[in-house]
Amino acid sequence: MQFHHHGYVSQNPRVQAPAGIGLDRPEQLPEHMDVLIVGTGPAGMIAAAQLAQFPQVHTRIIEKRDGRLEVGQADGIQARSVETFQAFGFADEISNEAYHITEMAFWKPDPEAPENITRTARPDDDPEGISEFPHLIVNQARVLDYFGESMANSPSRMAPDYGWEFLGLTVHEEGEHPVEVTLRRAAGAEAGAERTVWAKYVLGADGARSGVRTSIGRSLTGDRANHAWGVMDVLAVTDFPDIRRKCAIQSHSGGSILLIPREGGHLFRMYVDLGEVQPGHGEQVRQTTIETIIEKANTIMAPFTVDVKHVAWHSVYEVGHRVTDKFDDVPEELTGERDPRVFIAGDACHTHSAKAGQGMNVSMQDGFNLGWKLGQVLQGRSPGALLRTYSGERQVIAQNLIDFDKEWSTLMAQKPEEMEDPSTLEDFYVKTIEFPAGFMTQYSPSIITGADTHQDLASGFTVGKRFKSELVCRVSDGNPLHLGHLATADGRWRLYAFADAPTAGEDSALKDWAHWLHADPRSPVRRFTPAGEDEDALFDIKVIYQQRHPALEVTDAPRAFLPVVGPFGLTARDRVFGTHPERDIFDERGISRAGCVVVVRPDQYVAHVLPLTDPSALADFFAPIFLEPTS
């Protein structure tokens with residue numbers, strides 16, 4: 001974390017100095033705003049937290065409830081989400097209070113006594129080490145709290161506007177704030193009163209019954225699996241040995257259970273198989289009592305018993321897999337011609353079962369994907385066409401998730417004796433672990449994601465996939481650090497320059513590239529950074545040398561990696577790195593010893609891999625993404 005460069009900071013450095021709208025943020029919901037976010041769920045809150053880092057953008061987020069969420073339905077936090085939390089500054093804190101999943105147990109009918117279950121396998125949760133971050137279980141309400149804290153500590157000083165219900169919207173063809181939104185006071189002395197507000201853009205993160213989705217003529221389409229599950233968070237006394245371990249439990253005739261231990265050491269969640277739902281009987285099944293769910297759970301768990309002492313929360317649902325055809329308000333016939341004004345995210349545009357643990361995780365990536373794009377466009381850094389990429393990128397990911405979830409939920413509901421191979425379920429779990437961990441997302445070539453023409457220069461940084469971090473050593477102080485962990489959710493692009501063989505100060509392709517980046521008028525840094533802003537305002541530029549840090553001097557690095565920042569013109573010396581003594585990033589990530597440049601988007605996805613010898617390719621890539629500064 002970099003601070004003090006604007007003067008001595010004695011308080012919590014995570015509390016950023018107010019700026020822009022944060023200097024005089026209207027306490028009451030105003031009539032006009034840049035962005036209106038409807039819904040304080042995971043998608044809405046991460047989008048708000050990202051936009052809070054753009055203090056010149058006036059963003060408001062409304063919620064029908066009169067206060068924070070107290071009990072959330074989602075609880076699984078995949079490693080990709082923890083990576084994202086790192087960018088927002090709270091990965092360590094939330095990891096400390098969460099339950100960590102390190103392995104999963106599979107229980108099936110005992111061949112010698114089929115009426116009883118027995119443990120058949122206990123594989124590691126991440127056997128391939130696909131992430132340095134853990135797989136967590138923590139209540140959704142706490143995730144939202146952390147994003148709320150990030151918003152409050154931001155330069156924008158953002159906070160949710162509670163007690164407002166969305167009624168409808170109209171998008172007008174003209175006007176600075178073309179989206180007309182009708183709201184109703186849902187709580188307080190003015191409950192029932194309606195009012196109109198105007199926004200430049202609206203994000204509907206208002207759940208599966210989304211009013212925003214309905215207002216733009218979108219609908220969820222798909223199917224139901226005609227299979228019901230009861231879910232309960234409980235405190236219980238039990239003789240089941242794996243009650244503090246994630247389990248997939250399949251009985252001979254009583255159905256299945258997915259067991260998820262919760263944070264705190266005692267609470268656990270059970271998804272209990274209630275069986276097939278006959279057509280027209282859905283409402284009847286949804287009336288299943290908690291007593292029936294507990295009884296069913298004990299039948300499946302035999303010979304073990306679960307004596308429930310307290311129920312924190314429970315529900316009954318049918319598995320459904322539905323998605324909208326687009327995630328914005330642009331008609332199909334105008335795709336690629338008109339910029340969107342209204343967007344939907346999370347459950348508003350994709351629903352699926354809870355058993356893959358993906359609802360909250362994928363929803364957050366929706367909001368992260370859109371937040372920085374809105375920020376760049378509204379600050380005048382990028383053209384409105386940038387917003388066209390949101391629907392195209394995220395709709396494909398949602399459909400992939402639904403396809404995966406159909407297979408996983410079908411296997412969970414299947415009786416063991418119906419499977420050709422008794423190890424089918426655990427084999428599928430291990431084989432597909434990268435998908436539920438959140439690392440199979442790969443964006444196709446677009447205005448913000450290049451082709452894989454030079455992928456061989458950095459085979460471990462797949463273009464379109466998330467930037468997989470690795471250890472390096474900072475030259476200025478010798479500290480071993482994870483390179484990816486230094487990227488914060490500040491809306492900046494990352495340029496990682498991997499040096500060719502010569503050390504710092506010697507003639508090399510890296511030195512020539514760095515001189516071009518710093519001095520040439522065609523350089524995106526020179527071309528797009530507004531006058532008067534810090535040299536690293538738009539781009540966070542780092543260099544990684546092939547040598548160990550004792551062989552390097554930070555002051556020998558090219559000027560491009562030593563930016564001048566703050567009102568005192570201080571030199572940032574934290575952008576120069578050598579290799580780690582035990583994990584050489586060049587070997588670990590398949591980086592060519594001839595060097596290369598890895599371009600990473602603000603949402604942590606690799607946008608391009610380019611050679612050091614062709615700086616014009618970098619200029620060409622950013623030309624349609626950024627606008628020339630107006631001053």
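**Figure 1. Aromatic pairs in the predicted model.** The structure shown is a predicted model, and it contains 26 aromatic pairs. A pair of aromatic rings is described by the distance of the centres and the angle of the planes. In the pair formed by Phe327 and Tyr390, the ring centres are 6.3 Å apart and the planes meet at 50°, so this pair is classed as tilted. Phe327 belongs to the loop between β16 (306-323) and β17 (342-344), whereas Tyr390 belongs to helix α9 (residues 388-413); the pair therefore ties together parts that are 63 residues apart in sequence. Both Phe327 and Tyr390 are buried. Elsewhere, one aromatic cluster is formed by Trp372, Trp493, Phe528, Phe539, Phe621, Phe622 and Phe626.

Figure 2. Strands of a sheet pair through backbone hydrogen bonds, either parallel or antiparallel. β21 runs parallel to strand β22 (residues 539-548), and six bridges join the two. Within this pairing, Arg494 stands opposite Asp540 of β22. With strand β26 (residues 596-600), β21 pairs in the antiparallel sense over five bridges.

Figure 3. According to UniProt, in an unreviewed entry, residues 441-628 carry the feature "domain: Phenol hydroxylase-like C-terminal dimerisation". This span is 15% helix and 22% strand, and its end C-alpha atoms lie 31 Å apart. Pro445 is located in the loop between α10 (424-431) and β19 (471-474). Is Pro445 buried or exposed? Its relative accessibility is 63%, so Pro445 counts as exposed, the cut-off being over 50%. Leaving aside neighbours within four places in sequence, Pro445 is in contact with Gly450 and Ala451. The C-alpha atoms of Pro445 and Ala607 are separated by 8.6 Å, although these residues are 162 residues apart along the chain.

Figure 4. Asn139 caps the N-terminal end of α4, with a side-chain oxygen 2.7 Å from the backbone nitrogen of Ala141. An α-helix has 3.6 residues a turn, so residues three or four places apart point the same way. The buried residues of α4 are Gln140, Ala141, Val143, Leu144, Tyr146, Phe147, Gly148, Ser150 and Met151. Which elements do these buried residues pack against? They pack against the helices α1 (42-51), α2 (79-88), α3 (91-97) and α8 (359-378), and against the strands β2 (59-63) and β3 (76-77).

**Figure 5. A three-stranded open sheet.** Strand β3, against which buried residues of α4 pack, also takes part in an open sheet of three strands. The order of this sheet is β3-β7-β4, and the pairing is antiparallel. β3 and β4 (99-101) are the edge strands, each pairing on one side only. Two bridges link β3 to strand β7 (residues 135-137). In this pairing, the bridge partner of Ile77 is Leu136 in β7.

**Figure 6. Two loop residues with polar side-chain contacts.** Arg245 is found in the loop between β12 (221-238) and β13 (246-250). The side chains of Arg245 and Glu103 are joined by a polar contact of 2.9 Å. Not counting residues up to four places away in sequence, Arg245 touches Tyr99, Glu103, Ala105, Arg119, Arg122, Leu259 and Pro261. Ser210 is found in the loop between β11 (194-204) and α5 (211-215). At 0% relative accessibility, Ser210 counts as buried. The side chain of Ser210 reaches the backbone nitrogen of Arg213 at 2.8 Å. Beyond its neighbours within four places in sequence, Ser210 is in contact with Ile344 and Ala348.

Conventions:
Residues numbered from 1 in each chain as written. Predicted model: local features only at pLDDT ≥ 70, side-chain atom pairs only at ≥ 80, totals over all residues. Heavy atoms only, no water. Helix = DSSP H or I, 4+ residues; strand = E, 2+ residues; numbered from the N terminus. Polar contact = N/O pair within 3.5 Å; in protein donor to acceptor, adjacent residues only side chain to side chain. Contact = heavy atoms within 4.5 Å. Buried < 20%, exposed > 50% of the residue type's maximum accessible area, 1.4 Å probe, protein only. Pairing = 2+ DSSP bridges. UniProt positions renumbered as here; feature names shortened; annotations may be inferred. Phe/Tyr/Trp six-rings, centres within 6.5 Å; stacked < 30°, edge-to-face > 60°.
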